[in-house]
Amino acid sequence: MSSLPMTAVRTAVEAKEDLRAQIDAARLPKHIAIIMDGNGRWARQRFLPRIAGHRMGARTVHEVVETSARLGLQALSLYAFSAENWKRPKTEIDTLMELLREYIKKELEEIHRNNIRIQILGHYELLPAWVQEDIEQAIRVTGKNTGMVLNVALNYSARTELADAFQSILKSNQQNRNLEITEQMIAEHLYTKGLPDPDLLIRTSGEMRVSNFLLWQIAYAEIWVTDTYWPDFTARHLMQAILDFQKRERRYGGLGRGGV
Ligand code: IPE
Ligand code: IPE
Ligand code: MG
């Protein structure tokens, strides 16, 4: 082997370590939410079928989950399939489900070993039965883990989540005619109950929209958008996003440092 590739590998590893060293561990985001976008465009750029992009995207998921757990995040939420994605051709949807199953089969052991707990956000009971079995196994196997919570959004819609929350509040307060709905009550009936809201929302592929993802929970999230397509996203991008997050000044409607 020539020395050039080895140098390149070393440089990449050094760059990653360098970024990691700059992160202030005491001020990590507690919860990162990611809209994983651009698989289709990544493939088109290479004259490949869209599904090749999804396949590469699954590798990115591996790297991002591993890095997030190592960094010590409390929660990571990944938007994998939206309730609107059913509009896509059946062949693409079928392959996405197949990839999801492959991902669980391949990664479950390592996820479990890393003490990660898997949760699903969304109506996954409407997914094909065979993939539901794998999902349920993943939930069951990791159910008692105490490390990072990995939320996978499947057949997810934030508006449906809110409608579900209101419905569930009504159901559990049937006797109360003077029910007063509070913000806390809503938060406690969301799919993400018990978790801190995402403080950082990442979207890949340059799109400046939230596409019906965690609308309630991202009220005060810092947004970080990269032009990089999801299959090209790496641990380095994730750490860059965290570093940029740590430089931001979060005001929550108040005044900034120094009163301006
Ligand atoms: C994101 O990539 C993956 C899913 C939505 C399932 P896309 O498939 O949306 O890729 P683009 O946006 O067409 O490039
Ligand atoms: C958002 O990406 C949904 C997921 C990442 C699963 P889309 O590609 O479906 O979103 P739009 O259509 O660009 O808003
Ligand atoms: Mg897209």
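A pocket, on a 1 Å grid over the protein atoms alone, is an open set of points with protein on both sides within 12 Å along at least five of seven lines. By that rule, the second largest pocket of this predicted model has a volume of about 200 Å³. The largest pocket has a volume of about 950 Å³. Ligand 1 takes up space that is the largest pocket.

**Ligand 1 and its shell**

- The residues around ligand 1 include a run of Met 36, Asp 37, Gly 38, Asn 39, Gly 40 and Arg 41.
- Arg 50, His 54, Ala 80, Asn 85, Arg 88 and Leu 96 are also among the residues around the ligand.
- By class, this shell holds three nonpolar, five polar and four charged residues.
- Helix H2 (39-45) and helix H3 (50-71) each supply at least two residues of the shell.
- H2 provides the largest share, three residues.

**Polar contacts to ligand 1**

- Asp 37 uses its side chain: a polar atom there lies 2.8 Å from an oxygen atom of ligand 1.
- Arg 41 uses its backbone: an N or O atom there lies 2.8 Å from an oxygen atom of ligand 1.
- For Asn 39, a backbone N or O atom lies 3.1 Å from an oxygen atom of the ligand.
- Taken alone, ligand 1 exposes 380 Å², and the protein buries 86% of that.

**The largest pocket**

- The volume of this pocket is about 950 Å³.
- Its lining has 39 residues, and the closest to the centre are Met 36, Tyr 79, Ala 80, Phe 81 and Asn 85.
- The helices that give two or more residues to this lining are H2, H3, H4 (90-113) and H5 (129-142).
- The strands that do so are S2 (75-82), S3 (117-121) and S4 (149-156).
- H4 gives the most, with six residues.
- The lining divides into 22 nonpolar, nine polar and eight charged residues.

**The second largest pocket**

- Arg 55, Ala 58, Arg 59 and His 62 are among the residues that line this pocket.
- Leu 99, Glu 102, Tyr 103, Lys 106 and Glu 107 also belong to the lining.
- H3 and H4 are the elements that give two or more residues here.
- The largest share, five residues, comes from H4.
- By class, the lining has three nonpolar, one polar and five charged residues.

Notes:
Residues numbered from 1 in each chain as written. Chains lettered and ligands numbered in written order. Predicted model: local features only at pLDDT ≥ 70, side-chain atom pairs only at ≥ 80, totals over all residues. Heavy atoms only, no water. Near = heavy atom within 4 Å. Polar contact = N/O pair within 3.5 Å; in protein donor to acceptor, adjacent residues only side chain to side chain. Areas by Shrake-Rupley, 256 points an atom, 1.4 Å probe, with all protein chains shown as cover. 1 Å grid on protein atoms, 1.4 Å probe; cavity = no way out; pocket = protein on both sides within 12 Å on 5 of 7 lines; lining within 4 Å. Sits in = over half its atoms within 2 Å of the grid points. Helix = DSSP H or I, 4+ residues; strand = E, 2+ residues; numbered from the N terminus. Nonpolar A, V, L, I, M, F, W, Y, C, P; charged D, E, K, R; others polar. Points joined across faces, edges and corners; volume = space filled by probe spheres on them.
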